[in-house]
Amino acid sequence: MEEWLSGADILKNLGLRFKDYRLRLNLTQKEVSEKTAISVPTIYKFENGRLNDMSTSNLMKLIRIVGLQSNWDKLLPQLPESPYLYKEEKKKQRVRHLKS
């Protein structure tokens, strides 16, 4: 995907790809609907680039149906710990009280 696509364009591309996966798995839109509780018209619109918005929950359900749930980690991979996130603890200095 290109770097500066709109959300609707990204959703359109994902829908087209999803349709290809669904067909290769020999699943009908009705079967996907029954397994995900997403309506057939919504799946149809998604696959044909006519859906402008989709909840993350529904997108995750569709991704699971085609067996790609392990790819979510690639979207935002876990970063290694950064030394800049640690705050150095300052040593507490003893305060001397002078006797008067």
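Biologist: Which residues are buried in α4?

Modeller: L59, L62 and I63 are. Buried means under 20% relative accessible area, exposed means over 50%, and partly exposed lies in between (1.4 Å probe, protein chains only). One caution: this is a predicted model, where local features need pLDDT of at least 70 and side-chain atom pairs need 80 or more, while totals for chains, interfaces and linings use all residues. Residues are numbered from 1 along each chain as its sequence is written, and side-chain values use heavy atoms, without hydrogens and water.

Biologist: Which helices do the buried residues of α4 pack against?

Modeller: They pack against α1, α2, α3 and α5 (72-75). Contact means heavy atoms within 4.5 Å. Helices are DSSP runs of H or I with at least four residues, strands are runs of E with at least two, and both are numbered from the N terminus.

Biologist: Why is K61 called partly exposed?

Modeller: K61 is found in helix α4. Its relative accessibility is 28%. Leaving aside neighbours within four places in sequence, K61 is in contact with T36 and I38. K61 and T36 are 25 residues apart in sequence, yet 5.9 Å apart in space, C-alpha to C-alpha.

Biologist: What about α2: how do you know which of its sides is buried?

Modeller: Q29, V32, S33 and T36 are the buried residues of α2 (residues 29-36). They cover an arc of only 100 degrees, so they share one side of α2. K30, E34 and K35 are exposed on the other side. The buried residues of α2 pack against α1, α3 and α4 (56-65).

Biologist: Why are α1 and α3 called roughly perpendicular?

Modeller: Two packed helices are described by the angle between their axes and the distance between the axes. The axes of α1 (residues 7-24) and α3 (residues 40-47) cross at roughly 110 degrees and come within 7 Å. Angles of 65 to 115 degrees count as roughly perpendicular, under 35 as roughly parallel, over 145 as roughly antiparallel, and the rest as oblique. The pair is therefore roughly perpendicular. The axes are lines fitted to C-alpha atoms, for helices over the stretch in contact, and angles run from 0 to 180 degrees between N-to-C directions.

Biologist: Which residues make the contact of α1 and α3?

Modeller: From α1 come L11, L14, G15, L16, F18, K19 and R22; from α3 come I43, F46 and E47. By class, the contact has 6 nonpolar, 1 polar and 3 charged residues. Nonpolar covers Ala, Val, Leu, Ile, Met, Phe, Trp, Tyr, Cys and Pro; charged covers Asp, Glu, Lys and Arg; the others, Gly among them, are polar.

Biologist: What makes the pair E47 and R22 a salt bridge?

Modeller: A salt bridge needs a side-chain nitrogen of Lys or Arg within 4 Å of a carboxyl oxygen of Asp or Glu. E47 and R22 meet at 2.5 Å, N to O. The pair links distant parts of the chain: E47 is in α3 and R22 in α1, 25 residues apart. E47 has a relative accessible area of 0%, so it is buried. R22, at 6%, is buried too.

Biologist: How many salt bridges does the rule give?

Modeller: The count is 2. R24 and D20 also form one, at 3.2 Å, N to O. These residues are 4 apart in helix α1, which means a separation of about one helical turn. R24 is exposed at 68%, and D20 is partly exposed at 36%.

Biologist: What makes the phi of A37 stand out?

Modeller: Most residues other than glycine have a negative phi. A37 is not a glycine, yet its phi is positive, about 65 degrees. A37 is found in the loop between α2 and α3. At 70% relative accessibility, A37 counts as exposed.

Biologist: How does N26 compare with the definition of exposed?

Modeller: N26 has a relative accessible area of 66%, so it is exposed. N26 lies in the loop between α1 and α2. Its phi is positive, about 60 degrees, although N26 is not a glycine.

How values were computed:
The arc is that of the directions from the helix axis to the C-beta atoms.
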